[in-house]
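Visitor: I am new to this structure and would be grateful for a guided introduction. May we look at it together, one topic at a time?

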Amino acid sequence: MMTQQPSGIAVVTGASSGIGKSYARQLAAAGYDLLLVARDIQRLQVLAAELQEAAAVRVEVLQADLTSRADSALVEQRLRSDERIVMLVNNAGMSVSGSFVEADFDQVESMIQLNIVALTRLARAAAEGFVQRGKGTLINIASVLALMPENFGTTYNATKAYVLSLSESLAHELGEQGVRVQAVLPGLTRTEIFDRAGGDVNALPAQMVMEVDDMVGAALRGLALGERVTVPSLPDAGQLNSFVDARRAMAPNLSLSTPAARYLS
Ligand SMILES: NC(=O)c1ccc[n+]([C@@H]2O[C@H](COP(=O)([O-])OP(=O)(O)OC[C@H]3O[C@@H](n4cnc5c(N)ncnc54)[C@H](OP(=O)(O)O)[C@@H]3O)[C@@H](O)[C@H]2O)c1
């Protein structure tokens, strides 16, 4: 999976289940020590014990509700102060079911807090140390829904579009300072996120649902290939490149001193 033996700590948020748990397992197998973050401390402890035995790496756990500013600050403090941290997998996230006008708005606000505010605060804390040391890896888990605003949920998709945009900006800004930034855009992946939002992953078309270890394995391969944006199921990476090229081609005309001809009557 990875070519050189890593040394240092990878911090994985949302490591108690799903994608975060798979990152924890695969990063431990690759030789990273781990700091696992989530609310469910018991699940984190069980996983930590399993990984310490199976992979002979050091695994710490930290209980945090990342929608709480105080809990987020604990993780931020650790990211800022611990020089052994070489990677942050900014994965913890949630979705909310229901249309824009029907969804429980307190839930939507928690989602924005978790998917956007906490993710950004943690990215900032990690980036400070990475820039100082001239190296580090930031992985942000977005979603293919960042590219599909007309599908599924409104505000969830918007949070993931934010994560994609932030990641691409950071890849640009921090790349020159030795920091790798990758946005991972999973499609449907078999995890608990569907149950938590009141759905059922088994009701989805099977050919659209990826097993979580396959998704994370592909994302780590994309990281090793130097990708800034990884879409694990996309067969033709050229399609993503064309999409980015089309956006960039507009750039010279996106801010001009005069309105376009069609707006001049
Ligand atoms: N599964 C998919 O189809 C899919 C597709 C695209 C993107 N994603 C993204 O992938 C990421 C991981 O989701 P998943 O599919 O693996 O779902 P999951 O199985 O529900 O895992 C979510 C993780 O986030 C943690 N978490 C939730 N709320 C938290 C909070 N307030 N504070 C701290 N941790 C919290 C959960 O742990 P605790 O409950 O212990 O706190 C859990 O470890 C999310 O960002 C999600 O949006 C998933």
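**A guided reading**

Guide: Let us begin with Ala56, whose place is in the loop between helix H2 (41–55) and S3. Helices (H or I, at least four residues) and strands (E, at least two) are DSSP runs, numbered from the N terminus. This is a predicted model, in which local features need pLDDT of at least 70, side-chain atom pairs count only at pLDDT 80 or more, and totals for chains, interfaces and linings use all residues. Residues are numbered from 1 along each chain as its sequence is written, and side-chain values use heavy atoms, with hydrogens and water left out.

Visitor: Does Ala56 count as buried or exposed?

Guide: Buried means under 20% relative accessible area, exposed over 50%, and partly exposed in between (1.4 Å probe, protein chains only). The relative accessibility of Ala56 is 70%, so Ala56 counts as exposed.

Visitor: What is the phi of Ala56?

Guide: Most residues other than glycine have a negative phi. Ala56 is not a glycine, yet its phi is positive, near 50 degrees.

Visitor: Which positive value does the phi of Phe152 have?

Guide: Phe152 is found in the loop between strand S5 (136–141) and helix H5 (154–175). At 60% relative accessibility, this residue counts as exposed. Although Phe152 is not a glycine, its phi is positive, at about 60 degrees.

Visitor: Which residues does Ser95 touch, not counting those up to four places away in sequence?

Guide: Ser95 lies in the loop between strand S4 (85–90) and helix H4 (105–133). Its relative accessibility is 12%, so Ser95 counts as buried. With contact meaning heavy atoms within 4.5 Å, Ser95 touches Met111, Phe152, Tyr156, Ile193 and Ala197.

Visitor: With which residues is Asp71 in contact, leaving aside its neighbours within four places in sequence?

Guide: Asp71 belongs to helix H3 (residues 69–81) and is partly exposed, with a relative accessible area of 23%. The C-alpha atoms of Asp71 and Gln42, 29 residues apart along the chain, are separated by 17 Å. Beyond those neighbours, Asp71 is in contact with Ala64 and Asp65.

Visitor: In what order do the strands of the open sheet stand?

Guide: Strands of a sheet pair through backbone hydrogen bonds, either parallel or antiparallel. Two strands count as paired if DSSP finds at least two bridges between them. Here the sheet has seven strands with parallel pairing, in the order S3-S2-S1-S4-S5-S6-S7.

Visitor: Which are the edge strands?

Guide: An edge strand of this sheet pairs on one side only. The two concerned are strand S3 (59–63) and strand S7 (229–230).

Visitor: Which residue in S3 does Leu35 stand opposite?

Guide: Strand S2 (residues 33–38) pairs with S3 in the parallel sense, over five bridges. In S3, the residue opposite Leu35 is Glu60.

Visitor: How many helices and strands does the protein have, and what is its radius of gyration?

Guide: The secondary structure comes to eight helices and seven strands. The radius of gyration is taken over C-alpha atoms, and the globule rule is 2.2 Å times the number of residues to the power 0.38. For 265 residues the rule gives 18 Å, and the protein's own value is close to it, so the protein is as compact as a globular protein of that length; the radius of gyration is 19 Å.

Visitor: What share of the residues counts as buried?

Guide: The C-alpha trace spans about 70 × 45 × 40 Å along its principal axes. Of the 265 residues, the share that counts as buried is 44%.
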